[in-house]
Protein chains: 2
Amino acid sequence: MGKAKRPKLSTHEFFEKGHLHYLTHISIDNVIFGFHDNQLKVLLLEWKETHRWCLPGGFIFADEHIEEAAIRSLKSRTGLDNIYLQQFYAFGDPNRERTKHGISPPAGIKKSWLSERFITVGYYALVEFSKVVPKPDEFSESCQWWDIEKVPTLILDHNHILEKALQSLRLNLNDYPVGKDLLPQKFTMPELQRLYETILGKQLDRRNFQKKILALDILERLNERKQGGAHKAPFLYKFDQRKYEKAMKQGLKFGLQ
Amino acid sequence: MGKAKRPKLSTHEFFEKGHLHYLTHISIDNVIFGFHDNQLKVLLLEWKETHRWCLPGGFIFADEHIEEAAIRSLKSRTGLDNIYLQQFYAFGDPNRERTKHGISPPAGIKKSWLSERFITVGYYALVEFSKVVPKPDEFSESCQWWDIEKVPTLILDHNHILEKALQSLRLNLNDYPVGKDLLPQKFTMPELQRLYETILGKQLDRRNFQKKILALDILERLNERKQGGAHKAPFLYKFDQRKYEKAMKQGLKFGLQ
DNA sequence: CCAAAAGTGTTGATTGTACACCCATGC
DNA sequence: GCATGGGTGTACAATCAACACTTTTGG
């Protein structure tokens with residue numbers, strides 16, 4: 001059960017001998033959502049040579065749990081750590097090979113394991129924007145937050161993967177609480193509402209939203225108000241850790257009695 | 001785009017040279033639910049030599065869409081055709097190797113591609129019990145419906161996969177209509193109710209159930225009654241194809257206004 | 001006629017939705 | 001003072017859950 005060798009490969013070794021360490025034909029792509037300035041953001045990497053953008057993904061070591069691989073690859077490519085990743089779909093179209101707009105092996109390597117067809121498993125996560133200090137890895141020119149509305153054309157089918165992640169997130173919003181990882185520890189009701197509005201892409205009634213959220217019984221109102229705003233100071237809330245986790249496990253409601 | 005060679009391999013070829021035709025390290029497992037005698041059933045295969053039971057699964061040809069592979073493998077292993085399969089999860093624990101309780105290569109083959117670690121993608125489907133004539137393939141002794149409550153210990157982590165499929169099905173029940181593929185074309189309200197009760201594992205109120213289901217506006221009541229029962233003859237219903245498909249696409253309800 | 005299953009309707013409680021009113025803050 | 005955002009409450013509508021009554025059928 002002990003974790004076997006997880007060697008650090010040079011770029012050349014990675015292309016030429018990666019298949020000796022990683023599972024072939026399977027990759028991981030992470031869709032990392034953040035929230036800032038009333039905008040839903042997604043974290044993207046920029047390739048060094050082509051300057052094309054992509055989702056931060058990676059590969060699975062031969063003895064590694066796929067979820068472990070998702071967490072590890074996210075950390076190594078963006079610096080993000082301690083993040084709960086939610087699997088949402090496995091993409092299995094045969095016409096999404098890496099050669100097209102993806103990684104090209106460096107000169108001197110004719111045929112790499114990376115040129116073959118890959119099935120990719122998608123994970124998404126919600127992270128607190130301000131906590132994140134993205135650090136691009138050696139392959140990447142930069143690692144940046146993009147406005148979800150302004151995402152450029154990505155490599156391969158990454159736009160499609162992003163779309164599907166967003167769809168899964170929206171569906172989940174009705175069954176599971178959201179916000180704990182997207183907002184600072186202390187937040188205001190309007191802030192939480194903006195988050196929901198942004199994810200759902202529609203306006204919600206301020207008063208009804210408050211009632212509904214409080215009825216879920218997962219928030220705790222603090223005896224503090226958020227100062228410094230231009231208007232009346234709103235109360236601060238935080239998630240009740242225990243109740244939040246319970247709701248995460250059991251879901252928020254059950255249909256049919 | 002044309003479908004490339006999909007050769008028919010002998011058993012020996014399959015173990016020794018399968019990796020030349022199929023993607024390595026990745027498999028598919030199908031969980032086929034049926035409904036009969038007020039019981040939820042699942043379709044299982046029995047291995048010829050070990051007599052152990054498993055889910056009908058398979059592998060992906062190098063140029064094949066994963067969903068296509070799910071459909072093809074289901075057909076070749078059980079005879080079932082024209083079935084909508086729903087992907088629900090990718091299982092990526094490294095400790096689920098085929099050698100343990102799974103396929104063993106025949107004598108004479110030391111190391112097969114099948115002995116290596118596999119990630120499996122799970123699909124489930126709901127089928128009309130009476131329409132199905134399961135036909136086991138060459139590897140299998142038999143192909144049979146099992147009562148969901150009486151499923152034996154399966155190979156590998158197949159019990160876990162089945163559990164997760166059932167969980168996904170239950171969650172889906174609240175967001176999407178179910179029944180079209182589990183019941184005969186014409187069915188009665190009590191029959192539909194038994195189906196829901198069986199999947200959810202709890203009793204529902206007859207009158208409220210009827211109101212709720214009819215409110216979904218996906219059923220059409222026929223001018224016929226089911227004759228032959230011991231008591232008052234219940235009406236027959238059928239699904240409205242167009243409305244059913246619309247509900248399938250859009251979901252049945254949307255939270256938060 | 002009786003038991004069991006099925007069709008239909010009623011009621012009170014809960015929840016959802018659309019509002020109105022008042023309070024605090026900066027300009 | 002006033003525009004803007006925030007806290008709280010109310011009224012009506014829609015939905016849900018519990019239950020009663022009637023009809024049909026085989027024995």
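You are looking at a predicted model, where local features need pLDDT of at least 70, side-chain atom pairs count only at pLDDT 80 or more, and totals for chains, interfaces and linings use all residues. Residues are numbered from 1 along each chain as its sequence is written, chains are lettered from A in the order in which they are written, and side-chain values use heavy atoms, without hydrogens and water.

Now move to chain B. Select B:A230, which has a backbone N or O atom 3.0 Å from a sugar or linking oxygen of DNA strand D. Then try B:K232, where a polar side-chain atom lies 3.4 Å from a base oxygen of DNA strand D.

Which residues come nearest to DNA strand C? Of the 19 around DNA strand C, they are A:R207, B:R206, B:R207, B:K211 and B:F235. Zoom in on A:R207: an N or O atom in its side chain is 2.4 Å from a base nitrogen of DNA strand C. Select A:N208 too, with a polar side-chain atom 3.0 Å from a base nitrogen of DNA strand C.

Last stop: A:A230, whose polar backbone atom is 3.2 Å from a sugar or linking oxygen of DNA strand C.

Technical notes. Near = heavy atom within 4 Å. Polar contact = N/O pair within 3.5 Å; in protein donor to acceptor, adjacent residues only side chain to side chain.
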